[in-house]
Amino acid sequence: MHRIPKDVYYRCVWLIRDSIRLERITEACCPGNEAGNGSDEKDEAVIIDENVIRRAETELTSINKALHKIPEAYRREIIANIIYKSPFSDIAHPNTWKKWKQIFIYELAHELHLI
């Protein structure tokens with residue numbers, strides 16, 4: 001199995017945990033989307049900087065590409081485990097879950113050109 005530096009691992013984990021905010025940023029920039037029109041999200045600043053939007057889109061694309069390199073049956077639970085620290089179900093052995101989670105994070109680091 002591939003090993004990645006601890007700092008790269010945690011950088012990828014925090015990026016995945018930030019994916020909900022990144023999705024809000026990209027949705028807010030789309031014309032006709034209510035989130036971009038000063039909707040009920042009072043604590044979110046309006047993003048005007050095009051670089052922030054492009055970076056959010058790039059990072060989400062990298063997450064999705066890495067996610068599609070693992071079997072579909074594991075995707076939702078691996079994301080939930082990383083973001084919400086949800087326990088894995090018993091449809092697979094714990095070692096199988098750990099293996100696919102490690103592959104996902106490795107592939108994300110590769111997509112982000114961190115390794």
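Let's start with helix H5, residues 94-111, in this predicted model. H5 has 18 residues, and from first C-alpha to last it reaches 26 Å, close to the 26 Å expected at 1.5 Å a residue.

Which residues of H5 are buried? They are Trp97, Trp100, Lys101, Ile103, Phe104, Ile105, Glu107, Leu108, Ala109 and Glu111. Do notice the charged names in there, with Lys101, Glu107 and Glu111 among them. The cover over these buried residues includes helix H1 (6-17), helix H3 (50-67) and helix H4 (72-84). And if you follow the chain just past the end of H5, you'll find His113 with a positive phi of about 60 degrees.

Now, over to H3. This helix also has 18 residues, and its first and last C-alpha atoms are 26 Å apart, again close to the 26 Å expected at 1.5 Å a residue. Buried in H3 are Ile53, Ala56, Glu59, Leu60, Ser62, Ile63, Ala66 and Leu67. Those residues pack against H1, H2, H4 and H5.

Let's take one of those partners, H2, residues 19-28. How do H2 and H3 pack? Their angle is about 130 degrees, and their axes lie 9 Å apart. The crossing is left-handed.

As for who touches whom, H2 brings Ser19, Leu22, Glu23, Ile25 and Thr26, and these meet Val52, Ile53, Ala56, Glu57, Glu59, Leu60 and Ile63 from H3. By type, the residues of this contact are seven nonpolar, two polar and three charged.

Terms used
Residues numbered from 1 in each chain as written. Predicted model: local features only at pLDDT ≥ 70, side-chain atom pairs only at ≥ 80, totals over all residues. Heavy atoms only, no water. Helix = DSSP H or I, 4+ residues; strand = E, 2+ residues; numbered from the N terminus. Expected span 1.5 Å × (residues − 1). Buried < 20%, exposed > 50% of the residue type's maximum accessible area, 1.4 Å probe, protein only. Contact = heavy atoms within 4.5 Å. Axes fitted to C-alpha atoms, helices over the stretch in contact; angles between N-to-C directions. Left-handed = near helix turned anticlockwise from the far one by under 90°.
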